[in-house]
Amino acid sequence: MEFGTRIFIAFLVSQVVCTGAQEDEEKVECVPGFQQKEYQVEYSGGFLKDVPLLQVVFDDCAGNEDVEFEVSNPNFLLDENLNLVPRRDVIDSGDFMFVHGVNIHVDDMAQITIIGAPSRSPQTLREILGLSDTMSYRSKRSLIVPPMFIPENQRAPFPRLIGKVVSSDMKEEHIFRLTGRGADQDPKGVFSINRLSGDVAVSRALDREAIAYYHLQVSTTDLSGKLVEGPVDLDVSVIDQNDNRPVFKEPRYSGEVLEGSPTGTTVMTMTAYDADDPNTDNAVLRYIIVRQQPDKPSPNMFYIDPERGDIVTVIAPHQLDRETLPTTQYELEIVAKDMAGSEVGLTGTATATITITDRNDHAPEFTHSLFQASVNEGSTGVVVNLTVDDRDDPATGAWRAIYSIINGDPNQNFEIQTNLDNNEGMLSVVKPLDYESSMFHTLLIKVENEDPLVPDIVYGPSSTATVYITVMDVNEGPVFFPDPLVVIRRENIPLGSFVAMLNATDPDYLQSQSIRFAVLRDPADWLIVNPFKGNVTTRAILDRESPHVHNNQYTALFLATDNGNPPASGTGTLIITLEDENDNAPYVFPSVARVCEDTKDMNVVVIGGRDKDIRPNTDPFKIELGKQPGLEKTWKISRINDTHSQIMLLHSLKKANYNLPLVLTDSGVPPISNNTELKVQVCTCKKNRMDCSRAASVQTNVLLLLGLLLLSILCL
């Protein structure tokens with residue numbers, strides 16, 4: 001059976017099944033058939049066998065059971081997943097093909113367009129559809145589809161006729177078909193067409209703000225579903241009605257305007273939106289102020305441009321004075337009306353809050369022209385708070401004060417800072433004052449704002465003030481001079497030797513007061529001071545090597561106290577730099593050495609000399625063997641440098657502990673020598689382990705004597 005004949009038979013079956021359901025079309029949400037009528041595939045040199053090209057969407061609204069699909073091009077098929085798949089490698093696919101789906105519930109077709117396919121002149125549309133050569137072919141379009149218009153929000157009854165499609169070559173076996181968004185595509189079922197008369201109807205009320213324009217296609221087919229003519233575009237436009245109120249983006253708007261601004265200054269812009277057709281008066285808005293709160297000094301302080309929504313000032317600049325207005329915030333109720341503001345227009349409302357911001361049009365003024373304070377000499381801190389008045393907005397740069405001392409403080413004893421909480425000026429003493437030098441201080445203080453004043457305002461006499469400071473006398477403690485006192489003394493000087501003379505003076509020179517000296521801290525208890533004269537002498541030997549001496553310096557503290565009421569005291573430091581005496585003998589290190597009894601390396605150890613003194617009473621050291629006879633036959637000392645020497649054996653020794661006598665001499669004048677010993681342990685060494693246990697202690701000189709005795713016996 002030819003493909004076109006099968007489509008015709010399937011179509012007749014579908015007519016019988018679907019005729020009874022046509023009356024209930026509006027009640028069925030699912031529209032049986034291909035859910036998308038047109039598909040596209042790009043041609044790229046051909047199609048490979050079994051490689052899917054696309055997937056069609058088909059629903060018979062009854063579970064898709066026993067649906068048979070057939071493709072007009074025999075080189076392609078639909079697989080079980082509704083994928084279009086080539087049966088073989090295809091090069092010549094043609095420009096388009098049709099897919100036919102049919103079962104007891106539906107009979108429908110979809111078109112697949114091959115984009116970029118090479119021309120295939122032998123195959124025509126008639127061949128693809130399986131039409132016979134005897135069917136008439138129309139070279140001139142006879143389908144007339146006028147544009148249609150429908151108002152939104154229409155009321156029942158539905159469906160309503162909105163237009164008619166006419167075909168000048170309509171045959172009895174031809175029918176009209178409507179496809180596209182609103183027909184067989186979502187939203188489905190909005191529009192329908194009478195298959196025989198071409199009347200187009202709408203099934204329900206439309207909302208232009210949801211969809212303003214529908215683009216559909218009308219075509220004619222024969223009873224088998226074969227395309228006769230079309231598709232031709234059908235454009236349906238939804239006519240707007242004024243069914244949307246103007247809406248402001250925000251319910252409340254905020255704006256600011258500087259006090260004293262010229263009339264006509266733009267404060268802010270109010271903008272409302274209307275969802276209706278912007279090409280009609282339904283969306284043409286006009287703005288108006290319906291309320292101002294408060295309404296003083298004028299109920300019309302502001303004006304809104306009816307078309308643009310710009311709010312501007314109307315009040316005169318001198319009346320827009322933040323300090324004289326009843327409030328710094330004004331609230332406006334703004335209404336936006338569509339239909340270009342006509343009486344029938346819909347309205348929307350919003351609130352605009354306008355804040356009158358401050359400018360620096362008032363200079364700060366001191367509350368008093370003269371401030372007085374007293375302060376004890378020698379003390380620091382805040383002595384007086386200076387107060388000012390400023391009518392500008394608190395917590396702004398036009399209100400915040402900056403204080404400065406413009407006269408009376410040549411030595412920078414004073415400092416003034418702003419208290420950020422109350423704007424007061426805190427005058428402080430930063431360098432202690434001296435009663436004996438000056439009992440009174442007169443300061444001239446100036447106050448300004450952080451922000452500059454407006455051009456027509458200047459700082460007047462009230463922006464300066466005088467501050468009288470009275471210095472109160474207090475009993476001050478004596479002061480040492482110099483402090484610290486540094487002297488140089490040699491260590492080991494005799495007891496009672498003079499070390500230093502302390503010098504302390506009383507700052508209260510207008511009073512006649514005596515001073516007594518005392519030792520406050522003497523870590524080594526070496527010093528004593530005359531309480532009346534201040535001369536410091538030794539009560540113990542000064543030792544440079546004492547742990548209380550650091551970097552050759554010894555530090556002590558002394559106290560000087562006057563006889564005022566109450567008494568006052570001061571402290572002074574004495575630093576004694578101690579010169580070294582050669583009073584410490586050098587010593588050797590290390591004091592113990594180990595050597596293997598069978599070693600071939602006769603080098604025992606490298607020893608060095610140390611001395612608690614400092615140069616020139618230390619190195620170079622002279623390290624020698626002791627004076628015992630015979631040591632030089634077993635031991636040898638070789639000098640390495642000024643501080644170290646090498647101890648060597650001249651022959652091997654048995655396992656034992658040996659005490660090697662040494663003499664170590666420093667380079668002081670006169671030099672000091674130290675007779676000492678180096679303990680040498682001769683040990684048993686096996687496999688990198690040294691065993692020095694149970695080694696008998698042997699004095700080197702005794703061992704030598706025994707050796708000499710044995711030698712004399714052999715000679716006999």
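1. Glu331 is partly exposed, at 26% relative accessible area (buried is under 20%, exposed over 50%, partly exposed in between; 1.4 Å probe, protein chains only). This is a predicted model: local features need pLDDT of at least 70, side-chain atom pairs pLDDT 80 or more, while totals for chains, interfaces and linings use all residues. Residues are numbered from 1 along each chain as its sequence is written, and side-chain values use heavy atoms, without hydrogens and water.

2. Glu331 pairs with Arg291 in a salt bridge, closest N and O atoms 3.4 Å apart (a side-chain nitrogen of Lys or Arg within 4 Å of a carboxyl oxygen of Asp or Glu). Glu331 lies in strand S26 and Arg291 in strand S23, so the pair ties together parts 40 residues apart in sequence. Strands (E, at least two residues) are DSSP runs, numbered from the N terminus. Arg291 is partly exposed, at 31%. A salt-bridge network links Arg252, Arg291, Glu331 and Glu333.

3. The whole structure holds 24 salt bridges. One of them joins Glu545 and Arg544 at 2.9 Å, N to O. Both residues are buried.

4. The largest nonpolar core has 24 residues (buried Ala, Val, Leu, Ile, Met, Phe, Trp, Tyr and Cys joined through side-chain atoms within 4.5 Å). Phe302 is among the members that touch the most others. Strands S26 (329–337) and S27 (347–357) are among those supplying at least two core residues each.

5. Gln646 sits in strand S51 (residues 644–649). Gln646 is buried, at 15%. Its side chain reaches the backbone oxygen of Val605 at 3.1 Å.

Conventions. Helices (H or I, at least four residues) and strands (E, at least two) are DSSP runs, numbered from the N terminus. A polar contact is a pair of N or O atoms within 3.5 Å; within protein, one must be able to donate a hydrogen and the other to accept it, and residues adjacent in sequence count only if both atoms are side-chain atoms.
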